[in-house]
Amino acid sequence: MHLGSRIRALRQAAGLTQLELATKAGVSLRTIADLESPSRREPHRLTVASIAWVLGVLVSDLTAESVVTDHLCQETQCVNPAHVSLKE
């Protein structure tokens, strides 16, 4: 099962529309639609992390290999990767 199929299955199991997932993950509807379609394009690491966070799964649950740190956690508190600034 490819990344898009996993995202679609988990999104549907969570009872979310593509638009609801996109809004909660801080990405566009087109991004979710594109990810759920077979594509050659590699998604951005923070996009995958944000989607995983919304769906309540680890990045490694979505991907064959973990492309980013599974959740951005410090001790027991995780944060939505969409709200993390990469600027220092």
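Contact here means heavy atoms within 4.5 Å. With that cut-off in hand, welcome to a short tour of this chain. The model is predicted, so to speak of its local features a pLDDT of at least 70 is needed, side-chain atom pairs count only at pLDDT 80 or more, and totals for chains, interfaces and linings use all residues. Residues are numbered from 1 along each chain as its sequence is written, and side-chain values use heavy atoms, with hydrogens and water left out.

**Overall picture**

Among contacts in the protein chain with a separation of 6 or more, 49% join residues 24 or more positions apart. The chain holds 5 helices and 2 strands, where helices (H or I, at least four residues) and strands (E, at least two) are DSSP runs, numbered from the N terminus. Their order from the N terminus is α-α-α-α-α-β-β. Of the 88 residues, 34% are buried, that is, under 20% relative accessible area with a 1.4 Å probe, protein chains only.

**The core**

In soluble globular proteins, nonpolar side chains tend to be buried together. A nonpolar core is a set of buried Ala, Val, Leu, Ile, Met, Phe, Trp, Tyr and Cys residues joined through side-chain atoms within 4.5 Å. Here the largest one has 18 residues, and Leu3, Ile7, Leu21, Ile32, Ile51, Leu55 and Leu62 have the most contacts inside it.

Leaving aside residues up to four places away in sequence, Leu3 touches Leu35, Pro43, Val48, Leu62 and Thr63.

Thr47 is also found in helix 4. This threonine counts as buried because its relative accessibility is 15%. With residues up to four places away in sequence not counted, Thr47 touches Val27, Thr31 and Leu35.

**Helix 2 against helix 3**

Helix 2 and helix 3 pack at an angle of about 115°, their axes 8 Å apart; axes are lines fitted to C-alpha atoms over the stretch in contact, and angles run from 0 to 180 degrees between N-to-C directions. On the helix 2 side, Gln18, Leu19, Leu21 and Ala22 meet Leu29, Ile32, Ala33 and Glu36 of helix 3. By class, this contact has 6 nonpolar, 1 polar and 1 charged residues, with Ala, Val, Leu, Ile, Met, Phe, Trp, Tyr, Cys and Pro counted as nonpolar, Asp, Glu, Lys and Arg as charged, and the others, Gly among them, as polar.

Technical notes
Buried means under 20% relative accessible area, exposed over 50%, partly exposed in between (1.4 Å probe, protein chains only).
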